[in-house]
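Colleague: Please show me the sequence and the model, and then let me put some questions to you.

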Amino acid sequence: MTASAVRSAILVLALTATAAAGAAERLTGPQIRQAFEGNTVTGLYSGSNLPFSEYHHADGRALGHNRHVPNTDACWTTTEDAVCYYYGPVDKRRTYCFTIETSGALYVIRNRPSGRINGLARIEPGDPHGFVKKSENWVCDGLISRAPGRGKLASILSNEAGSHEDDAMKQGAGATSPIGETRSDPGR
């Protein structure tokens, strides 16, 4: 059996176990922040079964990799009910938001607003892979809403999470919160 087939089988078993265990609990933004901040979110994307692993630094950086591609500019933040990631400079920024459900130790990551399952993950305490030491240094500017085509997100963030961004901007670090996918994937 190939590695890809093994990952697919694990993903199917995890989804089956989640369904059998009953309804998963949907987390709020503050619950997501509490679970992700200072920890590593590691899992597989549902479509490709390729891995991701990102340490969610308190300064807003998402350090690690997506599909074996190292992050060089990833940042995260939370809204009232989701986690959002952004990649790239302001003029080329891509933003992806997800709702998070949990069933035991399994985290189900769903695209927002479609609800499609993007991946399954688990939380690893701290930075067990040493992503902080291995990563380049970049600054999260907290301007997730400036991504092209994100006018609606801008109003959501200014209404729901503006205080997080204001606090982060005063500190010169940016907003905080986790998981990234390949930059070429428009579904993320």
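Colleague: What should I know about the model and its numbering?

Modeller: The model is predicted, so local features need pLDDT of at least 70 and side-chain atom pairs count only at pLDDT 80 or more, while totals for chains, interfaces and linings use all residues. Residues are numbered from 1 along each chain as its sequence is written, and side-chain values use heavy atoms, with hydrogens and water left out.

Colleague: How many disulfides are there, and in what pattern?

Modeller: A disulfide is a covalent bond between the sulfur atoms of two cysteines. Here a pair counts if the sulfur atoms are within 2.5 Å, and the count comes to two disulfides. With bonded cysteines counted along the chain, the pattern is 1-4, 2-3.

Colleague: Which parts of the chain does the disulfide of Cys75 and Cys140 tie together?

Modeller: The sulfur atoms of Cys75 and Cys140 are 2.0 Å apart, and the link is left-handed, with -90 degrees about the S-S bond. Helices (H or I, at least four residues) and strands (E, at least two) are DSSP runs, numbered from the N terminus.

Colleague: Is the link of Cys84 and Cys97 left-handed or right-handed?

Modeller: Cys84 and Cys97 are joined with an S to S distance of 2.0 Å. Cys84 is in strand S7 (residues 83–87) and Cys97 in strand S8 (residues 94–103), 13 residues apart. Both cysteines are buried, where buried means under 20% relative accessible area, exposed over 50%, and partly exposed in between (1.4 Å probe, protein chains only). With 110 degrees about the S-S bond, the link of Cys84 and Cys97 is right-handed.

Colleague: How are the rings of Tyr45 and Phe52 arranged?

Modeller: Rings of Phe, Tyr and Trp (its six-membered ring) pair if their centres lie within 6.5 Å; planes under 30 degrees apart count as stacked, over 60 as edge-to-face and the rest as tilted. The count comes to four aromatic pairs. Tyr45 and Phe52 are both buried. Their centres are 4.7 Å apart and their planes 50 degrees apart, an arrangement that is tilted.

Colleague: Which residue lies over the face of Tyr45?

Modeller: A charge sits over a ring if NZ of Lys or CZ of Arg is within 6 Å of the ring centre and within 35 degrees of the ring normal. For Tyr45, the distance from the ring centre is 4.9 Å, and the residue is Arg67.

Colleague: Which residues of helix H2 are buried, and where do they fall?

Modeller: Pro30 and Gln34 are exposed on the other side of H2. The buried residues of H2 (residues 29–36) are Gly29, Ile32, Arg33, Ala35 and Phe36. The arc is taken from the directions from the helix axis to the C-beta atoms. Seen down the axis, the buried residues fall within an arc of 165 degrees, so they line one face of the helix.

Colleague: Which backbone oxygen does the side chain of Arg110 reach?

Modeller: Arg110 lies in strand S9 (residues 106–111) and counts as partly exposed because its relative accessibility is 24%. Leaving aside residues up to four places away in sequence, Arg110 has contacts (heavy atoms within 4.5 Å) with residues including Thr99, Glu101 and Gly115. The side chain comes to 2.8 Å from the backbone oxygen of Gly115.

Colleague: What is the phi of Asn49?

Modeller: Most residues other than glycine have a negative phi, and most peptide bonds are trans. Asn49 sits in the loop between strand S2 (40–45) and strand S3 (51–56), and Asn49 counts as buried because its relative accessibility is 6%. Asn49 is not a glycine, yet its phi is positive, at about 60 degrees.

Colleague: Where is Arg67 found, and what is its phi?

Modeller: Arg67 is in the loop between strand S4 (62–66) and S5. Arg67 is a residue other than glycine with a positive phi, near 55 degrees.

Notes:
Polar contact = N/O pair within 3.5 Å; in protein donor to acceptor, adjacent residues only side chain to side chain.
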